[in-house]
Amino acid sequence: MSENERLEIHVKQLIRLAPARPLALLALSGLALGVAACGGGGEGQGAGAEGGEQLSGTINIDGSSTVAPISEAAAAAFQAEPPDVRVTVGTSGTGGGFEKFCKGETDISDASRAVEEDEMEACSKENISFEEITVANDGIAVALNPQNPVTCLTTDQLTQIWDKGSDVSSWSQVDGLQPSFGQELKLFGPGTDSGTFDFFTEAINGEEGQQRTDYNNVGEDDNQTVRGVQGSEGGMGYFGLSFIKENEGKLKAAEVDGGQGCVAPSNETVQDGSYAPLGRPLFIYPSDKAVKRPEVKAFLEFYVENAQMLAEQALFVPLTDEQKSEAQQKIESLGSQQAAVR
Amino acid sequence: MASAKGSAISRPTVRGLGIVRPRYGELAIRTVLLACAFVSVLTTFGIVASLVGPTIEFFQAVSLREFFLTTDWAPTFTPARFGVIPIVVGTLSVTFWALLIAVPFGLGAAIYLSEYARPRARRTLKPILEVLEGIPTIAYGFFAVTFVTPLLRELWFAGEPPAIFNVLSAGLVMGVMILPTVASLSEDAMSAVPRGLREGGYALGGSKLQVSTRVVVPAALSGIVASFVLGFSRAIGETVVVLLAAGAIANLTLDPRESVQTMTAFIAATGSGDIATGTITYKTIFAVGSLLFTITFIVNLISIWLVRRYRQVYS
Amino acid sequence: MSPRYDKAVREAGLTVSEGRGFTRAKELAFQGVLIFSVAIGVVGLVTLIVQAFVNGLPRLNLALLTDPPSPLPAQAGLESAIVGTIFLMVGVAIVVLPIGVGAAIYLEEYANGERWWNRLIEVNIQNLAAVPSIVYGILGLAFIVRGPLGLGPVVAAGSLTLALLVLPTVILASREAIRAVPSSLRQGALALGATQWQTIRKQVLPASIPGIATGMILSLSRAIGETAPLLLVGGVTFITANPKGFDDLFTALPLQIFNYTTRPQDEFRVIAAAGVIVMLVLLVSMNSVAITIRNRYKRKMEVN
C-alpha cells in the first residue's frame with residue numbers, strides 16, 4: 001500500500017537514520033515552545049474583573065448570521081464585567097438555529113425573520129415557550145460591484161434575475177436596465193438555512209424558499225458574498241445592510257424601487273419604512289426556561305438597554321426609541337411573570 | 001522473527017515440575033493488547049457503518065438514476081434535486097490540474113534527486129521536500145486565496161480572467177502540495193534500484209538521460225506509479241484548499257477559470273452548517289461521503305494491484 | 001564503495017565522447033527540466049512562507065496570542081484557538097498513546113502473522129491511512145458528536161476524531177521503534193526466565209521509547225494541522241473564551257485561521273497570515289524536537 005509504504009519509509013528515516021542539524025533545530029524549537037508557552041499562559045479576557053453580582057453559567061445563542069454580530073458584540077461587552085458568565089454565539093442560520101432552539105439545545109435564538117408556524121409547533125411539542133424581542137432593524141442590501149454602472153434596480157428586475165427557473169446569465173438580458181451593462185452575471189447569496197434567504201425570496205419572488213439554484217451558495221458565510229461581488233465586475237449578491245457599511249468602498253448597495261421610486265438603504269429609510277420591501281426587524285428569541293436563570297435575565301436586560309449602541313457599533317440600524325421601550329417592557333414582563341410564578 | 005512470535009515464547013503458560021498452568025496475567029495482557037489492535041478494525045467498521053445507514057435511507061428517497069445521471073445539484077432547496085455529476089466533475093477538474101503539476105514535476109524532481117544531484121545538494125533538498133509535505137493544508141488554502149488567485153487574475157492575458165473563486169488556483173496550489181509526496185515516493189523507489197543496473201547501463205555507453213529514463217525509471221516503475229496514485233488519492237480527498245479557493249457553486253464545467261464545488265467542499269460546507277439529524281439534507285452528506293470513500297477505496301485497490309503487477313524483485 | 005567510485009558513477013554518462021551536438025543539447029535540456037521541477041517545489045515553499053511572513057508580520061506580536069477572537073480586527077487574536085488546540089492535542093495524546101502503542105506491541109510481539117485476524121488488522125491499518133480526512137469528520141459527526149456517543153461538538157469529540165485519524169501513523173511509528181530493538185535484548189531477558197510481558201515492559205519498551213516519542217510527536221503535528229474533520233465536529237461557532245474542560249465547546253488554530261481567511265477585511269488577512277506563521281513555527285519546532293529526541297537517545301543507545 002502506497003501511503004503505508006510512504007509513511008513507513010519516512011518514519012524509518014526519522015527513527016533510524018542519520019542525524020540532522022540539531023543546533024538550528026533546537027533553537028527553532030525553543031522559540032516555538034516560548035511562543036506556545038506565552039500563548040497558553042495568558043488569560044486575557046475577563047480575569048481580574050470585579051463584577052458586582054455573583055452571576056455564573058453559560059448562555060448558548062445560535063441562529064442567524066446576520067444577527068450574530070450584534071449578539072457577539074453584546075456578548076463581548078457583557079463578558080467584560082461579570083467574569084463567570086460565558087456567552088457563545090453560533091451561526092447555524094435562522095432555520096438551523098430554531099431547530100436547535102426547539103430541541104432545547106440553545107437558550108436564545110437569533111433570527112433575521114419572524115418565527116414560522118412549523119417552528120412554533122416544534123417548540124410547543126417540546127414545551128418550549130419563548131418571547132420575540134426586536135433588537136435592531138435591518139435592510140437587505142443588494143450588493144453590486146463598484147464598477148457596475150447600474151444604480152437602481154426595480155423589484156421586477158430583481159425577480160427576473162433571482163426567481164426560480166430564471167436563466168438570466170448576463171446583465172444585458174435584464175429588462176429595462178439603465179444604464180446598459182453587458183457583463184456576465186455572477187450571483188452570490190446565502191444558503192437555505194438563512195433567514196436572509198427566507199426573507200429575500202419571500203419579498204422578491206413571492207414565496208419563501210423560491211429561488212434559482214445556480215448561484216454561489218455561501219451558506220451562512222456572508223463574507224464570501226462580499227468577496228465574491230467585490231471580485232466580479234458583474235457580481236451581485238444580497239445580505240444585511242451591515243455588510244455594506246463594513247465594506248465601504250469595496251461594494252455598493254443598489255437603490256431599490258419597490259414602486260415608490262428608487263430608495264437607497266440607510267438608517268433613516270429602514271427605520272421609517274421607505275426602503276421597501278427589503279426592510280425588516282431583527283429578533284432574538286429567548287426561551288422562557290432560560291430567562292428564569294438570573295444570568296440570562298441580566299444578559300437580556302443588558303442587551304436591550306444597550307441595543308441601540310450595540311447596533312451602531314456593529315453597523316446595524318438601531319431601534320427606534322419606541323421599539324426600545326417596547327422591548328424593555330417585554331423583558332420586564334418576563335421578569336414579573338417569573339416573580340408571579342414563584 | 002515472525003514465526004518465533006507466535007510460538008512457545010508467547011504461549012502464556014508456566015512449566016514447573018511438569019505441570020503446565022496458564023498464566024492469567026499474561027493472557028489478560030495479551031487480550032488487552034489485541035483489543036488495542038482491534039480498534040483499527042473498529043474504526044473501519046465505524047466509518048462504513050456511519051456511512052452505510054444514512055446512504056441506504058438516502059437512496060430510498062432518491063433514485064440511483066437521479067443521483068448518478070442527472071446534472072442538477074440543489075439538495076438544500078425545495079424542490080430538491082440530487083444530480084451528483086457537477087460536484088464529481090468539480091473534484092476531477094481540480095484534481096486534473098493538481099496532477100498536471102505534481103506528476104511530471106514530482107517525477108522530474110525525483111529523477112534529479114536520485115540520479116543527478118550531488119550528495120550535498122541532495123542533503124539540502126530532501127529535507128526541504130519533507131518540510132513541504134508537513135505544511136498544513138490551511139496554509140496552502142490561505143496561500144491560494146491571498147496570493148495565487150489575485151496573481152492569476154492580474155496576469156491573465158487570454159480572454160476573461162479567472163473568477164474570484166476558480167478551479168485553477170485551487171488546482172495549482174494542490175499540485176505544489178502533492179508534488180513532494182510524488183517526488184519522495186518516486187525517489188525512494190528509484191533509490192531502491194540496485195546500482196548494478198545503472199552501472200550496466202553506463203558501461204554500455206548510455207548517457208545519463210538514457211540510463212535514467214530507460215533503465216532506472218522502468219525498474220522503479222511500481223513505486224513511481226504508486227506515488228502517482230497516492231497523489232491522486234490525496235487530491236481527491238483534499239478539503240480546505242478547495243473550500244477556500246474553488247467556490248461553492250455546483251457548476252458543471254471544464255473551464256478552469258470558473259467556480260465549482262467539489263465533493264469534499266460540499267460535505268464540509270453542508271456538514272458544518274448544523275443540519276438536523278434525519279433530514280434528507282443530512283443524509284446527502286453521507287451519500288456524497290460514501291461516494292468519496294468508495295472512489296478512494298477503489299483507487300487504493302488499483303494502486304495495490306499496480307504495485308504488485310509491476311514490482312521487480314531484485315535478489 | 002569509495003567516494004571516488006560514487007562520483008564516477010554519478011558523473012558517468014554526463015559526457016558524451018561522440019560529441020554529437022544534438023545529443024548534448026538533449027542532455028542539457030533534460031537536466032534543465034529536472035532542475036526546473038525541483039525549483040517548482042522549492043520556489044513554491046519559499047513563496048508560501050515569505051508571503052505569509054510579509055503579510056503577517058505587522059500582527060505578529062504577543063497580543064496575537066493573548067487576545068481572543070473578535071469581530072473587530074483591531075482586537076482580534078488567537079488565544080482561544082491556541083488554547084483549544086492545546087486541549088485537543090492533550091486529548092489526542094491521551095487516547096492515541098495507549099491504544100497505538102498497545103496495538104504496535106501486539107502486532108510486533110504477539111501476533112502470529114499467519115492468522116487471518118491478524119492479517120485483517122494489518123490490512124485495516126493500511127486502508128485507514130488512505131481515507132480522506134473529511135470522512136473521519138463524517139464518522140465523528142455521526143457517532144461521536146451525535147449518535148451513540150452523543151458528546152456534542154466538544155473538545156473530547158474533536159480529540160477522539162483526530163485520534164482515530166492519526167492512529168495508523170502512531171501504530172506504524174511504534175512498530176518501527178519496537179522492531180528496531182535488537183533481539184538480543186529480548187532473548188537475554190527470556191533466557192533469564194522473564195515472561196513475555198515482563199520482557200516487553202522492562203526491556204523492549206524502554207528501549208523503544210525514543211522512537212515511540214518521535215512517532216507520537218509527528219502524529220500530533222499532523223493532527224494539529226487538520227482542519228477538515230474539525231469543521232464537521234467542532235462547528236464554526238465563534239468562540240472567544242478558552243475551553244474549560246474536555247466537555248466544552250472549542251475552536252482550534254486551523255479553524256480560526258480559516259475563519260479569518262474568509263473575512264474580506266484586509267486586516268483579517270494580516271491576522272490570518274500571522275496565524276499561519278504561528279502554525280508553521282509550531283510544526284517545525286515539534287518536528288525538530290522529535291528529531292532531537294531521536295538523536296539524543298540514539299547516541300545513548302550506541303554508547304551502551
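**Salt bridges, a helix and an interface**

Analyst: In this predicted model, a salt bridge joins the side chains of C:Glu108 and C:Arg175, with N and O 2.8 Å apart. The pair ties together distant parts of the chain, 67 residues apart: C:Glu108 lies in helix H4 (residues 79-110) of chain C and C:Arg175 in helix H7 of chain C.

User: Are C:Glu108 and C:Arg175 buried or exposed?

Analyst: The term buried applies under 20% relative accessible area. Both C:Glu108 and C:Arg175 fall in that class, so the answer for the two residues is buried.

User: Does the span of helix H7 of chain C agree or disagree with its number of residues, and how far apart are its end C-alpha atoms?

Analyst: Helix H7 of chain C covers residues 155-180, which makes 26 residues. At 1.5 Å a residue, the helix should span 38 Å.

User: Where does H7(C) bend, and which proline follows?

Analyst: The bend is about 45° and is located at C:Val166. Within four residues there follows a proline, C:Pro168.

User: How many residues of H7(C) are buried?

Analyst: H7(C) is largely enclosed by the rest of the structure.

User: Which class of accessibility does C:Arg222 have, and which does its salt-bridge partner C:Glu226 have?

Analyst: C:Glu226 and C:Arg222 form a salt bridge whose closest N and O atoms are 3.7 Å apart. C:Arg222, at 33% relative accessibility, counts as partly exposed. C:Glu226 has a relative accessible area of 12%, so its class is buried.

User: Which residues are joined into one network by salt bridges that share partners?

Analyst: The structure holds 24 salt bridges over all chains. Through shared partners, salt bridges make one network of C:Glu108, C:Glu122, C:Arg175, C:Glu176 and C:Arg179.

User: What area is buried between chain B and chain C, and which helix of chain B gives the most residues to that side?

Analyst: Chain B brings 84 residues to the contact and chain C brings 83 residues. The buried area is about 7,400 Å², with 76% given by carbon and sulfur atoms. On the side of chain B that touches chain C, the greatest contribution is 18 residues, from helix H2 (residues 24-61) of chain B.

User: How many salt bridges and how many residue pairs in polar contact lie between chain B and chain C?

Analyst: Across this interface the rule finds zero salt bridges. For residue pairs in polar contact between chain B and chain C, both at pLDDT 80 or more, the count is seven.

Key:
Residues numbered from 1 in each chain as written. Chains lettered and ligands numbered in written order. Predicted model: local features only at pLDDT ≥ 70, side-chain atom pairs only at ≥ 80, totals over all residues. Heavy atoms only, no water. Helix = DSSP H or I, 4+ residues; strand = E, 2+ residues; numbered from the N terminus. Expected span 1.5 Å × (residues − 1). Bend = angle between axes of the 7 residues up to and from the residue. Buried < 20%, exposed > 50% of the residue type's maximum accessible area, 1.4 Å probe, protein only. Salt bridge = Lys/Arg side-chain N within 4 Å of Asp/Glu carboxyl O. Contact = heavy atoms within 4.5 Å. Buried area = accessible area lost by both parts, 1.4 Å probe. Polar contact = N/O pair within 3.5 Å; in protein donor to acceptor, adjacent residues only side chain to side chain.
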